[in-house]
Amino acid sequence: MVEAWQRYREACGRKMLEDPPPTGLVCNHTFDMYACWSDTQPNTSASVPCPWYLPWHQQVQGGFVLQKCGPDGQWVVDELGTPWRDHSQCEARNEELPFQSHLWILDQIRLMYTVGYSLSLVALLGALVLLGCFRKLRCVRNFIHMNLFLSFALRAVSILSRDCLLWRHFSKNVRNEEALSHAPMRQGTVGCRLAQTLSQYCVGANYCWLLVEGLYLHNLLGLKAFSEESYFPGYLLLGWGAPILFVIPWVIVRYLYENKECWERNDHMGYWWIIRCPILLAIFVNFVIFIRIIKILVSKLQAQQMHYADYKFRLAKSTLTLIPLLGIHEVVFALVTEEQAGGLLHYVKYFFELFLNSFQGLLVSVLYCFVNKEVQSEIQRKWQTCRLGASLLKKQGQGRGTRMSWRSRSSGSTHRQKDIGPDLPGRPEEKAPPKVVVLHRTPLGGKSYWYLPIRMKTEDRAGDFPNAKRALPSPQNSG
């Protein structure tokens with residue numbers, strides 16, 4: 001409504017400049033922040049149609065605003081000193097929403113698509129990281145998906161940035177018609193217009209990459225000999241180069257013929273169709289490709305001779321996943337133009353179009369990245385590899401710790417043996433007690449023998465052996 005009111009005021013200013021100068025005493029033409037008044041003769045009442053910027057103008061388009069011109073050539077004022085006027089015929093009907101309710105609805109819609117674009121931006125960046133990190137996922141199909149994700153991300157960033165600049169550009173205190181009447185008119189800055197231009201380019205690039213997805217699927221299913229690598233440069237040129245062909249002419253026309261504010265208004269819808277026509281063409285071409293792909297899928301599924309329930313399920317699954325990828329929902333909104341949508345239909349169209357467009361990036365990234373079986377298998381493989389590497393590092397650390405503990409114990413025992421030795425300085429030398437040799441006597445073959453137990457070298461290595469004893473004859477019997 002703010003934009004419509006500003007256009008109405010500008011049209012009133014141009015009309016007052018074009019009107020011929022008065023020849024006698026008249027109430028001068030003026031704009032009283034509500035309606036545009038022409039020169040009026042004294043002692044007469046002026047009437048003008050209800051202003052067309054009113055949101056409920058379709059309900060009151062047959063009404064008039066009345067104002068009186070006094071005998072002195074001055075507009076009649078009320079007790080408060082403000083110009084008197086009767087705009088009862090232009091008031092909203094009871095079934096229409098009041099002005100503040102309109103602002104509340106617009107604020108809620110803006111909040112909704114801001115959340116949608118923000119969530120889509122986070123999901124799209126995550127999908128780009130996943131598809132770019134895994135080398136096994138690098139193929140032409142995923143490269144096209146990555147470019148589509150990037151176009152969705154750029155569209156979200158450009159729209160959010162443009163909204164921030166426009167929100168700063170206009171007054172934040174517009175909460176009633178009186179505040180709207182005193183809303184300041186400021187010329188748009190270069191940054192605001194640049195953001196608007198980039199936003200139009202990113203939106204156009206997004207629709208072009210949706211068209212590329214459709215062309216790729218059609219060639220993949222329809223052509224018998226299809227070389228993906230040979231078509232990829234053409235896809236890049238169509239996705240990122242085609243939007244320049246209609247965005248630059250739009251910028252030139254706006255700069256030459258409608259260089260006002262931040263270029264967010266479309267006073268002349270003919271200039272807006274410079275951008276709208278290529279986008280609608282891409283939408284309808286994708287719709288034709290979608291119908292063609294569905295026919296190919298039906299023929300292939302019928303050729304497999306599967307069960308009817310499985311056949312319906314796979315066909316429905318393929319159809320539903322293709323709708324967000326190709327942007328088929330845009331066909332519904334393309335049939336109802338902004339000029340045709342009015343009243344409640346305008347808000348319904350505005351809500352559903354922005355809701356689906358803002359969450360489309362989130363839905364596409366989930367369907368073609370996060371729940372994709374190839375991506376999930378690569379993530380599982382990478383996770384198992386990381387877990388295996390972590391377990392090997394843990395085992396190596398435990399083995400190194402065990403060897404260090406054994407070495408520390410060995411070195412500790414060695415130090416203790418040195419500590420009890422007699423050669424340490426400052427420790428008195430202790431004499432070992434004398435060893436007593438005990439001879440044992442045993443009878444053998446009628447004679448008595450004395451023997452001395454002798455430890456063999458094998459006993460030193462393997463332990464004591466009771467049979468390894470050497471008998472010695474008694475000195476008494478030897479003689």
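Modeller: Start with the disulfide: a pair of cysteine sulfur atoms within 2.5 Å. Keep in mind that this is a predicted model. Here C12 and C36 form such a pair, with their sulfur atoms 2.1 Å apart.

Biologist: Which parts of the chain does the pair of C12 and C36 tie together?

Modeller: C12 sits in helix 1 (residues 2–18) and C36 in strand 2 (residues 36–37), so the link ties together parts 24 residues apart in sequence. The link is right-handed, with 80 degrees about the S-S bond.

Biologist: Are C12 and C36 buried or exposed?

Modeller: The cut-off for buried is under 20% relative accessible area. C12 has 3% relative accessibility, so it counts as buried. C36 has 13%, so C36 is buried too.

Biologist: How many disulfides does the structure hold?

Modeller: Three. One joins C27 to C69, with 1.8 Å from S to S. That link is right-handed, with 90 degrees about the S-S bond. C27 is in the loop between helix 1 and strand 1 (30–31), while C69 is in strand 4 (residues 64–69), 42 residues apart. Another disulfide joins C50 to C90, also with S to S at 1.8 Å. Its torsion is about -90 degrees, so this disulfide is left-handed.

Biologist: Now the nonpolar core. How many residues does the largest one have, and which have the most contacts inside it?

Modeller: Think of buried nonpolar residues joined through their side chains. The largest core has 59 residues, and I144, F149 and L322 have the most contacts inside it. Helix 8 (269–303) gives the most to this core, with 12 residues. Look at L322: its contacts beyond four places in sequence include L217, F290 and Y368. There is also a second, separate core of 21 residues, and C36 is one of them.

Biologist: How do I check a helix? What span should helix 7 have?

Modeller: Count 1.5 Å a residue. Helix 7 has 30 residues, so it should span 44 Å; its end C-alpha atoms are 44 Å apart, which agrees.

Biologist: Where does helix 7 bend?

Modeller: At G241, by about 35 degrees. A proline, P243, follows within four residues. P243 is among the buried residues of this helix, as are G239 and A242.

Biologist: One last residue. What does S120 touch?

Modeller: Set aside residues up to four places away in sequence. S120 then touches S358, F359, G361 and L362. S120 lies in helix 3 (residues 99–133). At 2% relative accessibility, S120 counts as buried.

Terms used: Residues are numbered from 1 along each chain as its sequence is written. This is a predicted model: local features need pLDDT of at least 70, side-chain atom pairs count only at pLDDT 80 or more; totals for chains, interfaces and linings use all residues. Side-chain values use heavy atoms; hydrogens and water are left out. Helices (H or I, at least four residues) and strands (E, at least two) are DSSP runs, numbered from the N terminus. Buried means under 20% relative accessible area, exposed over 50%, partly exposed in between (1.4 Å probe, protein chains only). Contact means heavy atoms within 4.5 Å. A nonpolar core is a set of buried Ala, Val, Leu, Ile, Met, Phe, Trp, Tyr and Cys residues joined through side-chain atoms within 4.5 Å. The expected span of a helix is 1.5 Å times one less than its number of residues. The bend at a residue is the angle between axes fitted to the seven residues ending there and the seven starting there.
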